[in-house]
Amino acid sequence: DVDGVGHKYHLELVLEDVLDKDSTVNCTAEVLYHLGKKTIAPDVEFTIEGELKNTDEADNAFYNQIKSLEKELVAENIPDSHGNVSPEMEPIHLLAWVASGYVMWQNSTENTKFQLAQIKHVKQVKRSDEYLEFDYMILLHEIVSQEIIPWQMTVLWHPQRGVQVTQ
Amino acid sequence: DQVLHIVPETFQQVQHLQHLCSTLLLDLWKPLLPEDIWVGEDLHIRVPAALVQEVKDSLDQPTVPYKVLIPDVQELVDQSMPRETSSHRQVPEGYVYTQYHPMEEIYQWMTQIQKNNNELVTQHYLGKTIENRTIYYLQISQPSDKTKKIIWMDCGIHAREWISPAFCQWFVKEILQNYKSDPKISRFLQNLDLYVLPVLNIDGYIYSWEKERLWRKNRSPHMNGTCYGTDLNRNFNSSWDSIGVSYNCSSETFCGSGPESEPETRAVAQFIDKKKSDILCYLTIHSYGQYILTPYGSTTKPPSNSEQLMHVTEKAAAALMGKYGTSYEVGSTSLILYSNSGSSRDWAHMIGIPFSYTFELRDNGTHGFVLPPQQIQPTCEETM
């Protein structure tokens, strides 16, 4: 308890690479949930022990693949009702995962727990600069209330410059 | 047949391999074409059993280093197919347990299962859903002159948790396929009767197939048909409506207009209540989260036999983990998950059933409710 400010949690966790379960890295973090009714995102500070794997090759491959499309990418229901994701849609799915992490963080309190349930719809938006832009309609599952929350997010991405999310 | 892994070191080796693949017409798994074989790039070739020695000899002069990636292709193929052993006739031929099935097919499956195993299985009427569909359960019971204790398991209380009905079907299949050969199962059936309800919330399940994949509740209309669905697992008469529920119909945890207001809830409750003195264990299967939950959700006060309950759960979780390393958390809902009232598991314990558990199957959120069919088998195997 941090008087007058909120609740602070000290965490020790292990990060696991989604694509390579054997690749793990230790992490420590401090999370401060603010008191009060207004939903302010919790403060997060973290340190990673070691380095995250280099993903340049896969990033560039995905980037070039999208850049070389004749028409802007459009897709829906990722995964489908049975849980399948086609290999071409995997990077789109992973990008949504990362971006939805940001959305969840911005909306988290001590009484929420979010997961990305599904991408209902994704549409690529043409850009004149080097960034890729995707308009996502996602469904978030909030475990405490069991609610499914639709959320619209616009995601910018570039292999070297990372992810940006505008809600 | 074997699959060899080679990383060519020189251009001569590349040429040698290209020649080998083309002359013997070997099955290239990676890359697809001989012309794509490069120095330093992974090469995977499937070699038919008859040619394995010839190919390996050829790779020895001059030496091209290789590793055996898959020593027996057929073994892998067999492992990935549904098992077709002598127990063929006991389960419906061709029913694929590693896929999700719509309600129509589950109804047909139940009829077939009883037909093929009528010395052991009987299908019984439990009640009707709000949309007037019939709810059936299967009784697996070895004829005997002694009255046996009952283990009840229901699946599919929540529509979107597809892995749950898939598990109930798998469970039945496993028991019927192995009760003669597996001493544990046969001893089990000598002393206990199994009652399995593959899908309780039939209307909701169908709705999740046809209209909205992430639907949870049943399909009872409220407010003149402007709002649908009660959360059946908040509708039981166990501290109904006290915590972790919503009074708002549009919420996913709407507890209904009163305890047991829903026909599906009543169908289960009336049956279990009638048989409660013989029921040893109540199991209800959900997803996701990987938990084995004990009572209660409505209060943190432990149940009277909590040590016993925990002892059994811990053993179950350990056994489960032993299969594929999947870890399940165990404990009371109110302590490790969230508070809720009106759950079937709490109710079962409150009316006197000593062992009452909720299983939340795979996974941990990566796929959540939309668990891919490839995970049906491992999930069911480990839970078994």
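I took contact to mean heavy atoms within 4.5 Å. The model I worked from is predicted.

**Entry: B:Val312**

I looked up B:Val312 and found it in helix α9 of chain B, residues 306-324. Which residues does B:Val312 contact, leaving aside its neighbours within four places in sequence? I got B:Phe355 and B:Tyr357. I then checked the pair B:Val312 and B:Phe355. They lie 43 residues apart in sequence. Their C-alpha atoms are 9.0 Å apart in space.

**Entry: chain B against chain A**

Next I turned to the interface. I have 23 residues of chain B in contact with 19 residues of chain A. The buried area between the two chains comes to about 1700 Å². Carbon and sulfur atoms give 55% of that area. Which residues of chain B lose the most area to chain A? I wrote down B:Leu214, B:Tyr338 and B:Val370. Together these three make up 28% of what the chain B side buries.

I sorted the chain B side by class. The residues that touch chain A are 12 nonpolar, 7 polar and 4 charged.

**Entry: polar pairs and salt bridges**

How many salt bridges cross the interface of chain B and chain A? The rule gave me 0.

Methods
Residues are numbered from 1 along each chain as its sequence is written. Chains are lettered from A and ligands numbered from 1 in the order in which they are written. This is a predicted model: local features need pLDDT of at least 70, side-chain atom pairs count only at pLDDT 80 or more; totals for chains, interfaces and linings use all residues. Side-chain values use heavy atoms; hydrogens and water are left out. Buried area is the accessible area (1.4 Å probe) that two parts lose on being put together, summed over both. A salt bridge is a side-chain nitrogen of Lys or Arg within 4 Å of a carboxyl oxygen of Asp or Glu. Ala, Val, Leu, Ile, Met, Phe, Trp, Tyr, Cys and Pro count as nonpolar, Asp, Glu, Lys and Arg as charged, and the others, Gly among them, as polar. Helices (H or I, at least four residues) and strands (E, at least two) are DSSP runs, numbered from the N terminus.
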